[in-house]
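I opened my notebook to work through one structure, step by step. These entries record what I looked up.

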Number of protein chains: 2
Amino acid sequence: MNPTYIRTFMAYGESGVYRTRGPARAAKYGALAVMVRSLASNLDDFPHTGVTIYNDSFPKIPAVAISTNDAEWLSGQLKNNSVVSGYIRNTSTMLPDEPSFNVVGEIRGTQFPNEIITVGGHIDSWDLAEGAQDDGAGAVQSIEVLRVLKALGLKPKHSIRAVMFMNEENGGRGAEKYLEIAKAKNEKHIFGLESDAGGFTPRGFGLDMSADKIAKVQSWKNLFHDYGVCDLEAGGSGSDVGPLKQIGAALAGLSPDSQRYFDLHHAATDTFEAVSKRELELGAVNMAALIYLVDKYGL
Amino acid sequence: MNPTYIRTFMAYGESGVYRTRGPARAAKYGALAVMVRSLASNLDDFPHTGVTIYNDSFPKIPAVAISTNDAEWLSGQLKNNSVVSGYIRNTSTMLPDEPSFNVVGEIRGTQFPNEIITVGGHIDSWDLAEGAQDDGAGAVQSIEVLRVLKALGLKPKHSIRAVMFMNEENGGRGAEKYLEIAKAKNEKHIFGLESDAGGFTPRGFGLDMSADKIAKVQSWKNLFHDYGVCDLEAGGSGSDVGPLKQIGAALAGLSPDSQRYFDLHHAATDTFEAVSKRELELGAVNMAALIYLVDKYGL
């Protein structure tokens with residue numbers, strides 16, 4: 001991952017293709033298996049894994065991620081020796097699907113109960129990780145938005161839902177189902193906010209909405225500044241609220257500081273202990289403020 | 001510490017008086033010893049200690065800090081029982097002074113070698129802590145500023161010194177000595193920059209200088225924005241470069257994100273492992289940029 005990008009997600013976006021598409025591409029050229037360097041910002045001994053996309057034209061060869069320290073070592077070996085042999089033993093297996101569910105909490109709107117604001121994270125995690133930052137943080141922050149409104153005695157005009165989406169990591173079927181039900185019930189979705197970039201100190205919100213709506217959110221900039229949020233710019237929202245764009249929702253995603261995210265992402269290091277309570281809460285406070293402002297002044 | 005302040009240093013400033021002045025005040029009223037709640041943002045089992053200021057009119061009674069978890073427990077006991085007795089055993093002792101030194105590295109200026117820009121942190125740490133964030137981070141970042149200039153082949157016009165100040169924690173005598181020598185040599189100090197708030201993601205610089213100089217630094221705001229620095233405002237610099245104000249230096253202090261600082265400050269948790277390399281480097285990059293701009297365009 002290119003360490004010179006300030007925003008680590010840019011490096012992940014650029015290098016991710018080697019993990020997601022590399023195995024299928026290597027199979028095309030006759031490879032028996034693939035080892036990829038973990039997509040991680042730091043040098044450590046933990047493999048970071050993630051989605052790999054095969055196609056049906058070539059064999060689905062085994063693919064493993066090795067830690068960045070191991071990749072450095074292997075790289076050194078490959079430079080110094082013309083032949084390097086390795087042995088891969090992989091005990092992973094894909095189990096059949098089982099039923100699972102999105103988890104939804106809602107405060108009914110006082111004036112427009114049928115107009116819905118969604119704030120969400122995802123409740124599943126990548127298999128070898130505890131998933132505290134990805135995305136326990138976003139799930140907890142979404143619940144916290146409802147708790148904050150309730151604790152302050154605020155009665156939102158629109159219905160506000162905290163949604164813990166299921167299956168973000170492995171197909172996004174929770175997000176698809178949420179959209180499917182919204183369509184079936186003919187729900188009006190005005191805004192969707194996602195937190196799926198970790199519970200680190202908030203720096204901004206990515207805004208996936210029309211230019212006039214972006215300008216409206218930017219007009220609230222001074223309200224956010226003292227709470228650490230400087231960047232209110234066009235950008236991505238998140239893969240779980242993303243599908244709501246099809247039914248006209250304006251979207252946003254919390255942009256926390258990204259320096260430590262890829263030390264932990266999809267690795268055994270993504271534990272509860274690596275979450276800072278103050279950072280997590282500061283993100284939730286800003287999310288609650290955005291939801292409050294959208295509910296009160298519209299978009 | 002008041003958890004509602006976004007900037008944790010405000011809470012530390014407000015509550016610090018109980019540790020620094022409490023023991024002397026309690027002695028005045030006949031106390032035999034003092035236990036203070038650790039100045040920490042989080043609940044854990046580690047005592048956080050620090051400077052305590054006695055006066056000569058009353059006995060210098062023993063003072064200990066207890067962890068926030070223990071303070072919570074003790075608080076509960078005091079609420080439920082009319083009499084709570086405790087036993088304090090304190091093996092601390094104040095050892096005699098020993099010689100120690102500031103450590104200074106310098107790049108000589110090409111045009112104004114006798115005009116000096118200082119960038120510094122402190123090399124000592126509070127006794128029960130490894131001191132990785134307070135202030136190993138600032139010391140390393142200051143060295144890094146010189147390394148970056150050198151690596152980029154830049155030849156500064158003014159002399160730039162990285163100074164690792166000694167004895168910040170226990171009297172600031174390294175800072176005093178640095179000023180004393182500067183005065184004795186009749187040095188011209190145009191700017192002093194300090195990093196002593198941890199090696200966390202940089203958020204801004206506190207500017208302790210005249211309004212016209214602040215305006216000049218703020219005119220560079222767009223250059224810093226993409227590197228995560230949003231706040232260029234009047235504020236404090238640091239206790240080590242602070243004395244340089246007496247000889248006319250403009251001063252600034254790096255303001256990193258402060259959410260995690262008081263989880264670690266002056267406690268055994270302030271270890272190398274709690275420093276994020278990317279966060280540390282991002283602070284150093286912004287410091288180097290500020291030093292570069294001040295050297296190039298003046299203040």
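This is a predicted model: local features need pLDDT of at least 70, side-chain atom pairs count only at pLDDT 80 or more; totals for chains, interfaces and linings use all residues.

Entry 1: I then asked what rotation superposes chain B on chain A. I found a rotation of 180 degrees, with 0.0 Å of shift along its axis and an RMSD of 0.0 Å. That is the relation of a two-fold axis. Next I looked up which residue of chain B comes closest to this rotation axis. B:Cys230 does, with its C-alpha at 3.5 Å.

**Entry 2: a strand pair in chain A.** I looked at strand S1 of chain A, residues 34-37. Its side chains alternate. A:Val34 and A:Val36 point to one face and are buried. S1(A) pairs with strand S2 of chain A, residues 63-66. The pairing is parallel and has four bridges. I looked up the partner of A:Met35 in S2(A), and it is A:Val64.

**Entry 3: the sheet of chain A.** How many strands does the open sheet have? I found seven, in the order S3-S5-S4-S6-S9-S7-S8, with mixed pairing. S3 (103-107) and S8 (231-234) of chain A stand at the edges. Each has a single partner strand, so one side of each is left without a neighbour in the sheet. Neighbouring strands are turned by 20 degrees against each other on average, direction ignored. S3(A) and S5(A), residues 158-165, run antiparallel and are joined by five bridges. Across this pair, A:Glu106 stands opposite A:Arg161 in S5(A).

**Entry 4: helices on that sheet.** I looked for helices that pack on the sheet of chain A. Helix H5 (residues 173-184) does, touching S4, S5 and S6 of chain A. Its direction makes about 150 degrees with that of S5(A). Helix H9 (residues 277-297) packs there too, touching S4, S5, S6, S7 and S9 of chain A. The direction of H9 makes about 40 degrees with that of S7(A).

**Entry 5: the sheet of chain B.** I turned to chain B and read the strand order S3-S5-S4-S6-S9-S7-S8, again for an open sheet of seven strands with mixed pairing. Its edge strands are S3 and S8 of chain B, and each pairs on one side only. Five bridges join S3(B) to S5(B), and these strands run antiparallel. One bridge pairs B:Ile107 with B:Ile160 in S5(B). Helix H6 (residues 211-218) of chain B packs on the sheet and touches S7, S8 and S9 of chain B. Its direction makes about 180 degrees with that of S8(B).

**Entry 6: helix H5 of chain B.** This helix covers residues 173-184, twelve in number. It reaches 16 Å from its first C-alpha to its last, close to the 16 Å expected. Which residues of H5(B) are buried? I listed B:Gly174, B:Ala175, B:Tyr178, B:Leu179 and B:Ala182. Seen down the axis of H5(B), they fall within an arc of 135 degrees, so they line one face of the helix. An α-helix has 3.6 residues a turn, so residues three or four places apart point the same way. The buried residues of H5(B) pack against S4, S5 and S6 of chain B. After H5(B) comes B:Asn186, whose phi is positive, near 60 degrees.

Notes
Residues are numbered from 1 along each chain as its sequence is written. Chains are lettered from A and ligands numbered from 1 in the order in which they are written. Side-chain values use heavy atoms; hydrogens and water are left out. Helices (H or I, at least four residues) and strands (E, at least two) are DSSP runs, numbered from the N terminus. The expected span of a helix is 1.5 Å times one less than its number of residues. Buried means under 20% relative accessible area, exposed over 50%, partly exposed in between (1.4 Å probe, protein chains only). The arc is that of the directions from the helix axis to the C-beta atoms. Contact means heavy atoms within 4.5 Å. Copies are superposed by least squares on the C-alpha atoms of residues with pLDDT of at least 70 in both. Two strands pair if DSSP finds at least two bridges between them. Axes are lines fitted to C-alpha atoms, for helices over the stretch in contact, and angles run from 0 to 180 degrees between N-to-C directions.
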